[in-house]
Amino acid sequence: MSDATVDDADATGRTERLGDRLRAELEALDAARVGVYAALFALTAFYLTPIESGLVSAFKTNPAGISSTLPFAPPPLRFFTLEKWRTAITALGRGMVNSALYAVPATIVSALLGSFAAYGLTQADWRARYKAPVLAMLVAGIFIPYQAVLVPLSQFWGAIPLRQLLTPLWVLGVPSAYTGIVELTITHVAYGIPICMVLFRSYYRNLSEEMVEAARLDGATFRRVYRRIVFPVSTPMFAVVLIYQFTQIWNDLLFALILVSTESSPAAPVVLILAGLGESMEGQDFALRMAGAFVAALPTLIVYIMFGEEFADGVAT
Amino acid sequence: MREFLSTARSRLRRAAGRDAGSDGDAERADGDGDSALATDGGTAEAGADVAPAGGTDGLLDRLDDRFGEDFTESAPFWLPPFLLVGLFVYGAIAWNFVISLTEYKGFVGPDYSDLDLDMYVRAVGDSAVIDATVNTFVLVVAFTIVALVIGMLLAILVDQKIRFENTFRTIYLLPMSLSFVVTAQFWLWMYNFNNGVVNIALGAFGIGPVDWIGNPQIVLWAVVFALVWQFSGYTMVVYLAGLRAIPTEHYEAAKVDGASTAKMYWRVIVPQLKGSTISAAIVLMVFALKAFDFLYSLVSGYRPPNGADILATKMVREAYSTNNWAYASAIAIVLFLMALSIIGPYLYYEYDKGNL
Amino acid sequence: MAQLELDAVRKVFTDDDGSDIVAVDDVTVDIEDGEFLVLVGPSGCGKSTTLRMVAGLETASGGDIRLGGRSIVGQKPQDRDIAMVFQSYALYPHMTSRENMSFGLEESTDMTDEEIDERVQNAAELLDIPELLDRKPAELSGGQQQRVALGRAIVRDPEVFLMDEPLSNLDAKLRSQMRTELQRIQEDLDTTTVYVTHDQTEAMTMGDRIAVLDGGELQQAGTPLECYHRPANRFVAGFIGEPSMNFFDATVRGDRLVADRFEYGLREAAVNDVAGAEGVTLGIRPEDVEVTPGTEPADDNEFATVVDVVEPMGNENAVYLGFGADPTDPFVATVGGMRRVEAGQRVIARFPPDAIHLFDATTGEALHSRSLEDADPAEPRI
């Protein structure tokens, strides 16, 4: 076992302290350690199998490679192909750009607004009696099922003459289907504010009260305290919120489906294209689907692997 | 130190005065913007807060007296996000409710002159809605409970001062970072009748093959299993934070008292995780209610596999596939009430603890 | 100039259940320009709340606060021209010491960068920290952070310094060092200062005057020695001085005090002072109790006692004495550190008549204080 030395050192220490009586118990403990690691590795297999199986399948030819090899075995050379990846990247490339076009601004704006709201609701001194309902409505906003707002949302965006308002863009040669991207951005900002607010709020509540009071006494207005003290101090929390929010917005399908509606639209986000990828009259092309899934997941996977700690902090709050 | 006193002090006063003035201006400007927004959305809570519109400094002071001293000064921070959420979330829910009272369908806009509860009557009599409600309930409850149990076991395992703790944790949480659309692809392949890992693994024990997606008796449980795979890592992280917050003395005290490891966890540690359980359960239930993305992606369409139709999919199908807008709105209200019955008590519980 | 006046200042908090809690009750105290006033009292006495009302961090529920004759009650904290040093220092973690100290000037004045820089440099030299200016708070020790926090207040050159237990996070040695240094700086700058502490040693050594608070009410405001030698009431007498004054409940019988365990003969001055009072409390400071070997009291100011416990403190010994042969409910006397006193020893304790204090048993108000003419001319021991 890889941690044998650690356990041995540990064991010596304890034996010295507690006497030989514990020796038997310690051996049992070692057996327990073996059990713990066995369980951990089994679970690792459980969590990684779907991903691993998808990854190897994405390199196989369809249908021959897919149907004649084990789903989790790497492709033998004669069934190996990169063609599915090429197809997936071609199909999803424009979707990746579209997704980034709304996911990035929506993430930044919702994080900023969430931080504003949290600051105005934690560090400002106004009556709890009035503050509580505002807070409750913002917090409850996290838990609203999107279905409850979909029909009005379609009506709302249908009634707003966004396409006319954005005429300069179309003149510049942007396809007018990109109104959908603008709608998605604003919608995601609005529905992202509650969770961002709650994440920032837990952070701002633990800020030193004296520090903020000191800044007020130093002559800074409420706004300047945010700009010069609270905002710079909350950089770590911004990392957490931005990462979490980006994953959520990038991954969301429902709003994209409602507001952009067809995967053939030039403004179709990557999730929308992926949901219909590899469907054809002849049946499903699983190799293509898997390759597509990885391509679509790539940005969030990169973010996750690079900033796993922040992501974990985000979900734990 | 004293000679620069007088000049500095007078400058200071001037600066302070100017600051206060510009503050007031900014707030009035904000107030104007808000009132425009509020008439737009017509939401009640917005109306109450836009009083600064066209107000004087005296009015601002009176507002501060009424609501607390930083009220107007902090309003530029919390009011715009609040109004945005108020409009998009609560305004939309109210509007949705009104639409559900109309007969709106097809491509002609809703007629708001004739409001009744017809759509709710129709929903109560629609066996598809009843089935979807039952399925939603089963999905939410089964998924939440299983994910909580698995997550707690994971957390306890990971909390055993193991090596490579970060690596294990990262792996278990990995599915959570993926989109429902992506995980649906993976599980579609896992559950594939001929070549899926699940059937091949079970085949090794002489079981199956099972048609996981095609069998209406099984498909919901297959979905639950996939969702547990995706979100038990989340539960683990929440429980891990809860476990880490328990002082080591409690473990040591239980050990000294002679409790076995299992007994120690069951009687000393698990009861202290009540707070973690509640917050994790709430979030899991909400994920379950949003399982639409997963089911849509499984079939690349509005109609999920037989036996896996939930209110979320039913609602979207009614609205965007068959254009029964009013009916879809009514179903959405039912779904909303289900969510409310979960989060209402939760918010009250948080309020009671002084967290709101 | 900057005379600070608190005039019947009140603070009432409303509890969750709607009941009112009076945190500060009609506190009136004038602080002269350049004066160092220490607000002292047990925790929860309202001293911090009082200070925060002066700062504008709490709104006064009643009364008036005037700075240089001008009421500042309605003003925002940033408009009051005060600087505050916090218990936790409250330094901005993302800024260097220099930026921390410049912040207030940047926010509240339109001084040029050069002027600000010069002021920061001057303050840093005054505090002996120029070499720390480019470090962030996390890289500083507690004592250094304390100095930066002081510097942040000093550069503002405010009308009033407010300090909320600024030394309580330092270890004992550093604390006494900073105590001296703070006094030196305050004398140099000659800025009106209000200093909150629960530590009566700090109160005695630092303040020009001290204001003793208890239960939200001002008990006494006066110089440290006034409060020590002429306490206005039993609370002040017991709070100031370490070890605390000994108290004995007694009744007045003519020129005698009758207590549970002893009778005490009063001098004429004291008899006049307690005229009309029935129940009184006799108070005597431990250092005033004279302890001599022996078993036979010579007069009615001496008592036969037995030593219960001796706590040696080096320079002196605290001796716990019980009346007669009974060691329960002992009182304290301090004797020189070189004297040998042992537990169980029988000794005579004398309460010199000119050293006793008498308080009204019900109101606690002082009726008679020790006479100072024939007191030991040496500085009182604290």
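How much accessible surface does chain A have, and what share of it belongs to carbon and sulfur atoms? In this predicted model, the accessible surface of chain A comes to about 13000 Å², and carbon and sulfur atoms hold 66% of it.

View 1. Chain A runs to 317 residues, and 57% of them count as buried. Take the contacts in chain A with a separation of 6 or more: 69% of them link residues 24 or more positions apart.

**View 2. Where chain C meets chain A.** Chain C brings 24 residues to the contact and chain A brings 17. Together they bury about 1800 Å², with carbon and sulfur atoms giving 54% of that area. Keep an eye on Gln78(C), His94(C) and Glu107(C): this trio supplies 30% of the area that chain C buries against chain A, more than any other three residues.

**View 3. Salt bridges and polar contacts across the interface.** Five salt bridges are counted between chain C and chain A. One of them pairs Arg156(C) with Asp218(A), whose closest N and O atoms sit 3.1 Å apart. There are also ten residue pairs in polar contact across this interface.

**View 4. The side of chain C that touches chain A.** Helix 1 (47-55), strand 6 (82-85) and helix 2 (97-108) of chain C each put at least two residues into this side. Helix 2 gives the most, with five residues. Sort the residues of this side by type and you get 13 nonpolar, six polar and five charged.

Technical notes: Residues are numbered from 1 along each chain as its sequence is written. Chains are lettered from A and ligands numbered from 1 in the order in which they are written. This is a predicted model: local features need pLDDT of at least 70, side-chain atom pairs count only at pLDDT 80 or more; totals for chains, interfaces and linings use all residues. Side-chain values use heavy atoms; hydrogens and water are left out. Contact means heavy atoms within 4.5 Å. Buried area is the accessible area (1.4 Å probe) that two parts lose on being put together, summed over both. A salt bridge is a side-chain nitrogen of Lys or Arg within 4 Å of a carboxyl oxygen of Asp or Glu. A polar contact is a pair of N or O atoms within 3.5 Å; within protein, one must be able to donate a hydrogen and the other to accept it, and residues adjacent in sequence count only if both atoms are side-chain atoms. Helices (H or I, at least four residues) and strands (E, at least two) are DSSP runs, numbered from the N terminus. Ala, Val, Leu, Ile, Met, Phe, Trp, Tyr, Cys and Pro count as nonpolar, Asp, Glu, Lys and Arg as charged, and the others, Gly among them, as polar. Buried means under 20% relative accessible area, exposed over 50%, partly exposed in between (1.4 Å probe, protein chains only). Accessible areas come from the Shrake-Rupley method with a 1.4 Å probe; for residues, only the protein chains shown count as cover.
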